[in-house]
Amino acid sequence: MTVRIRFRSFLTFLLVIASVAVITVLQRPENARAQSQQHPDGLIRPLAKGAEQAIANSALQSIEKGRETFRFDTFGDEAFWGDTLNLDATIAGAANGGIGPGLSPKQALGLGLKVDVGALPGALQDQLRAGAVNLDDPAVTVALLQLNAVVGVKGFFSSGVLTSVGIQCALCHSTVNDSFAPGIGSRLDGWANRDLNVGAIIAFAPDVSAFATLLGTTQDGVRQVLNSWGPGKFDAELSLDGKAFQDPPANTKSAATLIPPAFGLAGVNLHTWTGWGSVTHWNAFVANLEMHGKGTFFDPRLDNAAQFPIAAANGFGNVRTTPDLITRKLADLHFYQLAIPAPAPSNASFSAAAAARGRKLFSADGKAACATCHVPPLFTEPGWNMHTPAEIGIDSFQADRAPDHRYRTSPLKGLWTHTKGGFYHDGRFATLLDVVNHYNGVKSLGLTEAEKLDLVEYLKSL
Ligand code: HEC
Ligand code: HEC
């Protein structure tokens, strides 16, 4: 008996020794490899070969394809913006084969459209610098479209004549850095274009009867609504519920929402002001229902005729178009947006000392406790990031235009890039101090004036 037990424990001892040795051998190259991958800048360099390299390559390819789609794809929507609304005709003007006076580059920049300096040939840049280009001539706008230089707008040409026009994601979710001139510079993908007057641009089309039919109103009625939006705003729910104003019948407050940024979205569960769904849900939604691209979209929540009478009547909850020019691009488009980091503010743009004090107030156990909802570093809740209107002390108008009747906790990184147009979904708070004052009131935070300013500096530092 004793001998057998001893023999067994000896075997166990051997086994333990052997496994420790195996683990050490297995771990050592792992450690060595991890160290050799450590870049001086702290980044992990992709492995030279093997499955990990395949993943890294796939990620890079996906980013490139997604960027191409984000910047340049119209998903076939020129059939709507060009062929149906005939927007190309009023852009070109009668002198260039279209209708009316046309849209000059000066007017286009005034509507918030941006020009990608990277698409302008050197000779043209020289002429622009020398003031030798007539920015009042719509023929120049047409030439810019032909150069693919207008951010988010694609011209279609036949024998040099503009025949159609389509729009891209970059129209609303990109701007430029003004490196060449105001409105002309290098692309900044993901930034909300808060200068862009989408409503005025659509109203510039000669034929908005497609919207009039959908909404059951006149073309004049459609134009009145479009012109009520103003810069930096769009109403993605108008074509679902037909609600154009927050306060009928007075109709003084537009129902449009601000264009949010499309950066810093990784890790954030629900998207849009009212949490319609994931990034890819919303991308499919917008490409099909708002841009009028050709594809497939399924969301039976839109069949709710009480909430979405227009969507339900038109079958927007189940769209099937052939050929489908959208679905195969969604994965890369999704990946690209997740890859765009929220841009960091310059150190000079806020007071570091005040921001540090503001950070303490903001923290979950601080006096303002903002981080109970805006959880760092996502600045939204990990999980179901939605709140009732009462929880944030505002009305339910916009929340009630979405399936969950709630507002989504806005991720706050890169807030400094979209201070134009105000804050909250409809820009109701003109400044960050107004936002802080709102919380101070509805949450009875008892913040002093100095503490409020510290919080503002912290928000500017994100
Ligand atoms: C005409 C302007 C416009 C165009 C074009 C547009 N969007 Fe948007 N986008 C908006 C507006 C406005 C919202 C907010 C909608 C809401 O909350 O109801 C939004 C919301 C989003 C969001 C949610 C951001 C967040 O904070 O959660 C993403 C992501 C997005 N858009 C990506 C895209 C992509 C990708 C495309 C192209 C397929 C696109 N958008 C085309 C105006 C636009
Ligand atoms: C109960 C959860 C909750 C708390 C607490 C909270 N927020 Fe918010 N926050 C939200 C929601 C939801 C929104 C979106 C409102 C909307 O869409 O109109 C928001 C929006 C914002 C915005 C606007 C973002 C934009 O893009 O316009 C700012 C700024 C902000 N919050 C700052 C704060 C600060 C500062 C505090 C603390 C004083 C705070 N929040 C506390 C939920 C919260």
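**Helix α18.** I began with the length of α18 in this predicted model: at 1.5 Å a residue its 13 residues should span 18 Å, and since I find its end C-alpha atoms 19 Å apart, the two values agree. The expected figure rests on 1.5 Å times one less than the number of residues.

I then looked up which residues of α18 are buried, and noted Glu451, Lys452, Asp454, Leu455, Val456, Glu457, Tyr458, Leu459 and Ser461.

**Ligand 2.** I next turned to the surroundings of ligand 2, where I count 22 residues, the closest being Cys370, Cys373, Phe423, Tyr424 and Tyr439. The elements that give two or more residues to this shell are α17 (432-442) and α18 (449-461). Which element gives the most to the shell? I find that α17 does, with 4 residues. Sorting the shell around ligand 2 by class, I get 15 nonpolar, 6 polar and 1 charged residues.

**Strands β2 and β3.** Last, I went to the pair formed by β2 (residues 153-158) and β3 (residues 161-167), and noted that the two strands run antiparallel and are joined by 6 bridges. Looking across from Lys154, I find Gly166 of β3 standing opposite. The two strands form a hairpin with 2 residues between them, and in the turn I noted that Ser159 has a positive phi of about 45 degrees.

How values were computed. Residues are numbered from 1 along each chain as its sequence is written. Chains are lettered from A and ligands numbered from 1 in the order in which they are written. This is a predicted model: local features need pLDDT of at least 70, side-chain atom pairs count only at pLDDT 80 or more; totals for chains, interfaces and linings use all residues. A residue is near a molecule or strand if its C-beta atom, placed from the backbone, lies within 6 Å of it. Ala, Val, Leu, Ile, Met, Phe, Trp, Tyr, Cys and Pro count as nonpolar, Asp, Glu, Lys and Arg as charged, and the others, Gly among them, as polar. Two strands pair if DSSP finds at least two bridges between them. A residue is buried if 20 or more other C-beta atoms lie within 10 Å of its own, exposed if 12 or fewer, and partly exposed in between; C-beta atoms are placed from the backbone.
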